[in-house]
Amino acid sequence: MGPAGLVLMVVAVSAGVLTALNGFFTAASRVLFTLGRANLVSSRLGELNGKQRTPRNAILLVCAVCLVTPWFGRAALTWVVDMSSAGITVAYFYTCFCAWQIARTGQVPRMPKPIAPNKFYEYFALAGRILSIGFLVLLFVPGSPGMLGTAPLIALVVWIVLGLASWAIKSRQLKGVPPEETAALVLE
């Protein structure tokens with residue numbers, strides 16, 4: 001298609017990148033907003049802006065982080081991507097584990113009637129669990145092609161320690177709050 005095809009290709013690729021960035025930005029601010037409403041992080045992040053009813057503080061925090069991180073350079077951005085790959089793999093394993101358990105037993109928490117167990121979904125979820133374990137092996141076993149470098153591993157350990165400390169502090173604060181109330185705040 002010549003120059004017109006090149007322009008069309010550039011527009012299509014740019015639209016794909018921009019929609020992904022917009023989706024990540026929106027998702028991150030909504031997660032912070034939900035966690036703020038449930039008092040799992042600062043409650044100021046769970047406030048809605050007056051007229052527009054948007055999570056202004058959560059959006060501004062995500063914006064600030066997005067504006068600052070490029071100044072750390074390409075290496076620091078690579079560390080964040082590497083750490084994220086480990087977190088996504090753990091989340092993938094957990095999701096597959098839950099799907100495997102539901103497909104095997106038919107029991108869904110807080111669902112009045114169980115569903116019929118399904119062998120196909122059970123094996124499908126089991127395959128997902130096995131794949132996620134394989135991905136973790138690639139990330140953490142020395143000598144594997146996808147092994148995390150020293151800096152991302154240190155950053156990941158620091159991130160995990162900070163998360164556990166935050167969880168310990170918040171779990172003591174929320175000990176008297178019924179789980180139903182927290183669930184209502186998170187899912188409302």
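From the N terminus on, the elements of the protein chain run α-α-α-α-α-α. That is six helices and zero strands; helices here are DSSP runs of H or I with at least four residues, strands are runs of E with at least two, and numbering starts at the N terminus. The radius of gyration is 21 Å, well over the 16 Å that the globule rule gives for 188 residues, so the chain is more spread out than a compact globule. That radius is taken over C-alpha atoms, and the rule is 2.2 Å times the number of residues to the power 0.38.

A word on the source. This is a predicted model: local features need pLDDT of at least 70, side-chain atom pairs count only at pLDDT 80 or more, and totals for chains, interfaces and linings use all residues. Residues are numbered from 1 along each chain as its sequence is written, and side-chain values use heavy atoms, leaving out hydrogens and water.

Now dimensions. Along the principal axes, the C-alpha atoms fill a box of roughly 60 × 45 × 40 Å.

Next, the surface. The chain exposes about 13700 Å², with 73% of it from carbon and sulfur atoms; areas come from the Shrake-Rupley method with a 1.4 Å probe, and for residues only the protein chains shown count as cover. Buried residues are 16% of the 188. Buried means under 20% relative accessible area, exposed over 50%, partly exposed in between (1.4 Å probe, protein chains only).

Last, one residue. Val13 sits in helix H1, residues 2-37. Is Val13 buried or partly exposed? Val13 counts as partly exposed because its relative accessibility is 48%.
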